[in-house]
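Welcome to the tour! Have your viewer open and your selection tool ready, and we will go from one stop to the next.

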Amino acid sequence: MSTTTVPRVTTGRDAPQAAVDDGWSRLVEAVRESGLYPTRSKAEQVTRTVLAALGTHVTGDERVDLARALPTEAARLIASQIPATQRLTAARFVDEVASRTPGATPATARWDVSSVLGALPPLIGDDLVTRILAQLPTGYALLFGRADLTPAS
């Protein structure tokens, strides 16, 4: 099989390993750039932590579609989480990420969450982001890099 026939980014379960790795690497690099992390290793650690936390809060068809839209490694992080029984506010979600990150503060955790979630829309598309936001409490839009135009209740 010629390598010119393999797409650079493939998220299917039967994709060639190099293409899958390329998608994960591109996601981590996007997070590294948006978060200004000094190393790829730090960006990867942040990406894993935030996606694992997100995987506990996105459910139903949106969870399935999110996993399908992401590189295989990111999809595993989302799909391997047990769904939470309670919906967390955006602030509590950031606190949860802080608790999973050694040495994190609420401010650094918010930066980490925004760096990862802000890198997702180009990969998963605006329609899926809108659907995910519709199932989460208000406040998450800002973490995805969107204005939160929902009126407060």
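Helices here are DSSP runs of H or I with at least four residues, numbered from the N terminus. Keep in mind as you look around that this is a predicted model.

**The whole chain.** Colour by secondary structure: the chain has 9 helices and 0 strands. Of its 153 residues, 43% count as buried. Among contacts with a separation of 6 or more, 62% are between residues 24 or more positions apart.

**A histidine in a loop.** Now select H57, in the loop between α2 (40-55) and α3 (60-69). Is H57 buried or exposed? Its relative accessibility is 2%, and buried means under 20%, so H57 counts as buried. Show what surrounds H57: leaving aside neighbours within four places in sequence, its contacts include A84, R87, F93 and L136.

**A pair of rings.** Stay with F93, one of the contacts of H57. A search of the whole structure finds 1 aromatic pair. The rings of F93 and Y140 have centres 5.5 Å apart and planes at 55 degrees, so this pair is tilted. F93 sits in helix α5 (residues 90-100) and Y140 in helix α9 (residues 140-143), so the pair links parts of the chain 47 residues apart. Both F93 and Y140 are buried.

**A helix to check.** Finally, select helix α6 (residues 106-117). At 1.5 Å a residue, its 12 residues should span 16 Å, and its end C-alpha atoms are 16 Å apart, which agrees. Highlight the buried residues of α6, among them A109, D112, V113 and V116. Residues three or four places apart point the same way because an α-helix has 3.6 residues a turn.

Key
Residues numbered from 1 in each chain as written. Predicted model: local features only at pLDDT ≥ 70, side-chain atom pairs only at ≥ 80, totals over all residues. Heavy atoms only, no water. Phe/Tyr/Trp six-rings, centres within 6.5 Å; stacked < 30°, edge-to-face > 60°. Helix = DSSP H or I, 4+ residues; strand = E, 2+ residues; numbered from the N terminus. Buried < 20%, exposed > 50% of the residue type's maximum accessible area, 1.4 Å probe, protein only. Contact = heavy atoms within 4.5 Å. Expected span 1.5 Å × (residues − 1).
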